[in-house]
Amino acid sequence: MASDARTAATRWAGMPLAARREERRARLVEAAFELFGTQGEAGVSVRAVCRACGLHARYFYESFADTGQLLGAVYDTVAAELSGRLLAALAAAGDDRAVRVRAGIRTVLDFSSADPRRGRVLFTEARANPVLAARRQAAQTALMDEVLHEETRTRPAVDPRLARVSAAMFTGAMVELAQQWLSGTLGDDLDAVVDHAARQLAPHVA
């Protein structure tokens, strides 16, 4: 850790204060993501996070009041990445409803299982931790709004109320489907799960 601290001090020497703080914050978030994603909430403590990223505890409190705030930042980071990928997939799918639904389902499931840490943060552990549960609700609402925006962009004549129903059904279904997929209850054939889910969901969000 002493070696890491010396390396960091050398790197920070020519950086503005705000940039140094931002880098330290990013390192803390990355370390917490690894610990939380592999060990769960029990593995995340100020001492463990600081040891993992080679920072003194004072730098932890420079960015976060406690581990709850840090876990919230971890969730926000992963959720933002998923949101970006999902919106990119929907945009690339074009205006065909069936293609868009299939692309959305595959993106959520693949993102969540390609790196098990992501799924643990977003879906598994988030159900039990109060901070993450609140974050998940907010993220789900934000995602619904983004999907709604895409819906009205591709179908400007659609009834706004029907568009919101479609967006709500899609985002709600994705949360439950991802939880079941990650738990292993749906098997391990992603293509089969995507095919079946798309057939079930597409008629109801058209």
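Colleague: Hi! What volume does the largest cavity have?

Modeller: Hello! The largest cavity comes to about 110 Å³. Bear in mind that this is a predicted model.

Colleague: Fine by me. How many cavities of 30 Å³ or more are there?

Modeller: The count is 1 cavity of 30 Å³ or more.

Colleague: And which residues lie nearest the centre of that largest cavity?

Modeller: Arg-97, Val-101, Val-147, Glu-151 and Phe-170 lie nearest its centre, out of a lining of 10 residues.

Colleague: What classes of residue make up the lining of the largest cavity?

Modeller: The lining has 6 nonpolar residues, 3 charged ones and 1 polar one.

Colleague: Which helices do they come from?

Modeller: Helix H6 (97–114), H8 and H9 each give at least two residues to the lining of the largest cavity.

Colleague: How many residues line the largest pocket, and which lie nearest its centre?

Modeller: There are 17 lining residues, and Ala-79, Leu-82, Ala-139, Gln-140 and Leu-143 are the ones nearest the centre. By class, the lining of the largest pocket splits into 12 nonpolar, 3 polar and 2 charged residues.

Colleague: I've been looking at Leu-86. Which helix is it in?

Modeller: Leu-86 belongs to helix H5.

Colleague: Is Leu-86 buried or exposed?

Modeller: Leu-86 is buried, because its relative accessibility is 0%, and the cut-off for buried is under 20%.

Colleague: What does Leu-86 touch, leaving out residues up to four places away in sequence?

Modeller: Leu-86 touches Gly-104, Thr-107, Val-108, Leu-143 and Phe-170.

Colleague: New topic, aromatics. How many aromatic pairs are there in the whole structure?

Modeller: The search finds 2 aromatic pairs. In one of them, the ring centres of Phe-60 and Tyr-61 are 5.1 Å apart and the planes are at 75 degrees, so this pair is edge-to-face. In the other, Phe-60 and Phe-64 have ring centres 5.9 Å apart and planes at 50 degrees, so that pair is tilted.

Colleague: Which residues form the aromatic cluster, then?

Modeller: Phe-60, Tyr-61 and Phe-64 form one cluster. Phe-60 and Phe-64 are both buried, and Phe-60 has a relative accessibility of 0%.

Colleague: What lies over the face of Phe-111?

Modeller: Arg-118 does, at 4.3 Å from the ring centre.

Colleague: Last one: which residues of helix H3 are buried?

Modeller: In H3, which covers residues 46–53, the buried ones are Val-46, Ala-48, Val-49, Cys-50 and Cys-53.

Colleague: What covers them?

Modeller: The cover for the buried residues of H3 includes helix H2 (17–39), helix H4 (57–63) and H5. Just after H3 comes Gly-54, which has a positive phi of about 70 degrees.

Methods
Residues numbered from 1 in each chain as written. Predicted model: local features only at pLDDT ≥ 70, side-chain atom pairs only at ≥ 80, totals over all residues. Heavy atoms only, no water. Phe/Tyr/Trp six-rings, centres within 6.5 Å; stacked < 30°, edge-to-face > 60°. Buried < 20%, exposed > 50% of the residue type's maximum accessible area, 1.4 Å probe, protein only. Lys NZ or Arg CZ within 6 Å of the ring centre and 35° of its normal. 1 Å grid on protein atoms, 1.4 Å probe; cavity = no way out; pocket = protein on both sides within 12 Å on 5 of 7 lines; lining within 4 Å. Nonpolar A, V, L, I, M, F, W, Y, C, P; charged D, E, K, R; others polar. Points joined across faces, edges and corners; volume = space filled by probe spheres on them. Helix = DSSP H or I, 4+ residues; strand = E, 2+ residues; numbered from the N terminus. Contact = heavy atoms within 4.5 Å.
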